[in-house]
Amino acid sequence: MANKYTVRIQGKNSDITVAEDQSILDAALRANEWLPHSCTQGTCGTCKLKVQCGEVRHNESPEYTLTTDERAEGLALGCMATPCSDLTVEPIGGAGDDGVPHFPLRDYEGTVTVLEDIAANTRRLVVEVDTPMLFNAGQYVELIVPGHNVGRQYSLANPPTETRNLEFHVKLTTGGLATDGWIFGPMQVGDRISLRGPLGQFNLVKQQDEAAILIGGGTGLAPLKSIVQHALAERLVPELYLYHGGRRQEDLYDVDFFRDLAQEHEHFHYRPALSEEQWDGAMGMVTDVVLDDFSSCKGMSAYLCGPPAMVEAAVKALKRRRMAPRLIFREEFTIAAPNLAAVVQ
Ligand SMILES: Cc1cc2nc3c(=O)[nH]c(=O)nc-3n(C[C@H](O)[C@H](O)[C@H](O)COP(=O)(O)OP(=O)(O)OC[C@H]3O[C@@H](n4cnc5c(N)ncnc54)[C@H](O)[C@@H]3O)c2cc1C
Ligand code: FES
């Protein structure tokens with residue numbers, strides 16, 4: 001049996017119990033105590049905590065996210081650090097209510113009901129979970145790779161009203177454990193799988209006055225599909241622009257789905273863009289297409305998702321068009337920390 005420790009989080013009313021082999025973030029989210037976090041794999045630093053009292057183990061916290069100096073100052077990554085004693089910690093990003101309703105993190109079991117190729121090296125996976133999952137449009141889950149005690153993050157593409165049939169869009173990573181070794185390998189319809197969620201703070205759930213530009217690269221479309229459906233159903237934004245970037249037509253998917261939505265909703269606009277193939281739609285890098293379409297983005301908001309390089313380029317483009325940084329929200333599909341270290345070396 002793992003030892004358990006009591007952790008006091010500054011700014012929260014009650015203490016939480018954390019097992020010696022459990023991350024502080026995992027325990028807090030299961031206790032429905034919201035803490036800022038984004039990647040849950042040690043790459044973003046959003047979950048940094050100051051350990052005011054007690055000792056933690058940093059486990060696989062990478063040096064590029066948590067430097068030796070930061071460790072010496074008592075900083076830790078909430079998603080990686082496990083307790084070695086009772087603790088008092090202070091979230092660097094604040095522990096306050098961000099005004100969004102949050103749902104507790106839970107473990108789920110489910111059955112694969114759909115596994116289909118939808119674009120080049122891209123699959124749609126639908127998992128029917130045994131118990132409903134409540135989540136915010138834009139959040140993700142971790143699928144647990146069978147035979148390995150590791151999870152990989154995949155964004156939920158279904159709207160939050162669909163709590164049983166969870167939809168994912170997965171891109172093949174050659175040599176990747178979860179994709180090449182499982183989802184594009186032995187996985188079959190009917191398989192039982194384990195997952196945990198919901199996770200992440202990328203979401204659009206509140207009514208807002210600003211129009212929203214959504215930009216997805218590749219399977220970065222997944223959380224945007226959930227957000228689009230939710231925002232249209234709840235009439236959350238005055239105007240909604242969805243951009244999906246790919247290189248060739250074979251990279252695009254769900255085109256008819258979004259075209260139909262655009263027909264139904266006057267304030268929803270869908271613009272797929274291709275960077276490497278001539279066609280009758282928008283041409284160029286998706287961020288350049290956005291730059292061409294808007295002479296100013298002042299007073300607008302953005303939700304960006306996909307490979308980190310695309311997200312960075314989009315942030316730069318939107319700032320050039322005078323969008324306020326506080327209205328730019330992003331989800332980056334980073335590689336899990338230990339593998340990233342291997343790739344960087
Ligand atoms: C918040 C979040 C949401 C995400 N949502 C999605 C989503 O909706 N859809 C999606 O497709 N992806 C998503 N991702 C990415 C996803 O979680 C995985 O990182 C991706 O699918 C690759 O996982 P993998 O296990 O197949 O690859 P990994 O095993 O993690 O390998 C990744 C890369 O590292 C290389 N590598 C691994 N080990 C070594 C080594 N020892 N030496 C050299 N190279 C090595 C692999 O060849 C590969 O190129 C998301 C990521 C995050 C952080
Ligand atoms: S959530 Fe911990 S480093 Fe990203």
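Modeller: What follows is a set of questions and answers on this model, which is predicted.

Biologist: Let us start with the cysteines: how many disulfides does a search of the whole structure find?

Modeller: A disulfide needs two cysteine sulfur atoms within 2.5 Å of each other. For C84, the nearest cysteine sulfur is that of C53, which is 13 Å away, and C84 is in no disulfide. Over the whole structure, the number of disulfides found is zero.

Biologist: Is C84 buried, partly exposed or exposed?

Modeller: Buried means under 20% relative accessible area and exposed means over 50%, with partly exposed in between. The relative accessibility of C84 is 29%, so this residue counts as partly exposed.

Biologist: And C79, is that residue buried or exposed?

Modeller: The cut-off for a buried residue is a relative accessible area under 20%. C79 has a relative accessible area of 12%, and therefore its class is buried.

Biologist: Where does C305 lie, and is C305 buried or exposed?

Modeller: The residue is placed in strand β18. Between C305 and I227 there are 78 residues in sequence and 12 Å in space, taken from C-alpha to C-alpha. The relative accessibility of C305 is 0%, so C305 counts as buried.

Biologist: Turning to the rings, what kind of aromatic pair do Y241 and F294 form?

Modeller: The search of the whole structure gives six aromatic pairs, and the rings of Y241 and F294 make one, with 5.1 Å from centre to centre. Planes over 60 degrees apart count as edge-to-face. The planes of Y241 and F294 stand at 90°, which makes the pair edge-to-face.

Biologist: How many residues apart are Y241 and F294?

Modeller: Y241 belongs to strand β15, residues 240-246, while F294 is in the loop between α6 (286-293) and β18 (301-306). Both residues are buried, and their pair links distant parts of the chain, with a separation of 53 residues.

Biologist: Is the pair of F258 and Y270 stacked, tilted or edge-to-face?

Modeller: Ring planes under 30 degrees apart count as stacked and those over 60 as edge-to-face, with the rest taken as tilted. The centres of the F258 and Y270 rings are 5.3 Å apart and their planes are at 35°, so the pair is tilted.

Biologist: Which elements hold F258 and Y270?

Modeller: With 0% relative accessibility F258 counts as buried, and with 12% Y270 counts as buried. Their pair links distant parts of the chain across 12 residues, F258 being in helix α5 (residues 255-264) and Y270 in strand β16 (residues 268-274).

Biologist: The charged end of which residue sits over the ring of F257?

Modeller: F257 is part of a cluster in which ring pairs link F257, F258, F268 and Y270. A charged end is placed over the ring of F257, 4.6 Å from its centre, and the residue that provides this charged end is K225.

Biologist: Which residues line the largest cavity?

Modeller: The count comes to one cavity of 30 Å³ or more, and the volume of the largest cavity is about 40 Å³. By class, its lining has six nonpolar, two polar and one charged residues. The lining residues are L35, P36, T46, C47, K48, L49, P91, I92 and G93.

Biologist: Is I92 buried or exposed?

Modeller: I92 is in the loop between β7 (87-91) and β8 (106-119). Although I92 and L35 are 57 residues apart in sequence, their C-alpha atoms are 9.9 Å apart in space. The relative accessible area of I92 is 53%, and so the residue is exposed.

Biologist: On the backbone, is the peptide bond from G197 to P198 cis or trans?

Modeller: P198 is found in strand β13, residues 192-199. The omega angle of the bond from G197 to P198 is near 0°, and the bond is cis.

Biologist: What is the phi of N32?

Modeller: N32 lies in the loop between α1 (24-30) and β3 (48-53), and its relative accessible area of 43% makes this residue partly exposed. N32 is not a glycine, yet its phi is positive, at about 60°.

Biologist: Finally, what is the phi of R322?

Modeller: R322 is in the loop between α7 (308-320) and β19 (328-332), and at 54% relative accessibility R322 counts as exposed. This residue, too, is other than glycine with a positive phi, which is near 70°.

Terms used:
Residues numbered from 1 in each chain as written. Chains lettered and ligands numbered in written order. Predicted model: local features only at pLDDT ≥ 70, side-chain atom pairs only at ≥ 80, totals over all residues. Heavy atoms only, no water. Buried < 20%, exposed > 50% of the residue type's maximum accessible area, 1.4 Å probe, protein only. Phe/Tyr/Trp six-rings, centres within 6.5 Å; stacked < 30°, edge-to-face > 60°. Helix = DSSP H or I, 4+ residues; strand = E, 2+ residues; numbered from the N terminus. Lys NZ or Arg CZ within 6 Å of the ring centre and 35° of its normal. 1 Å grid on protein atoms, 1.4 Å probe; cavity = no way out; pocket = protein on both sides within 12 Å on 5 of 7 lines; lining within 4 Å. Points joined across faces, edges and corners; volume = space filled by probe spheres on them. Nonpolar A, V, L, I, M, F, W, Y, C, P; charged D, E, K, R; others polar.
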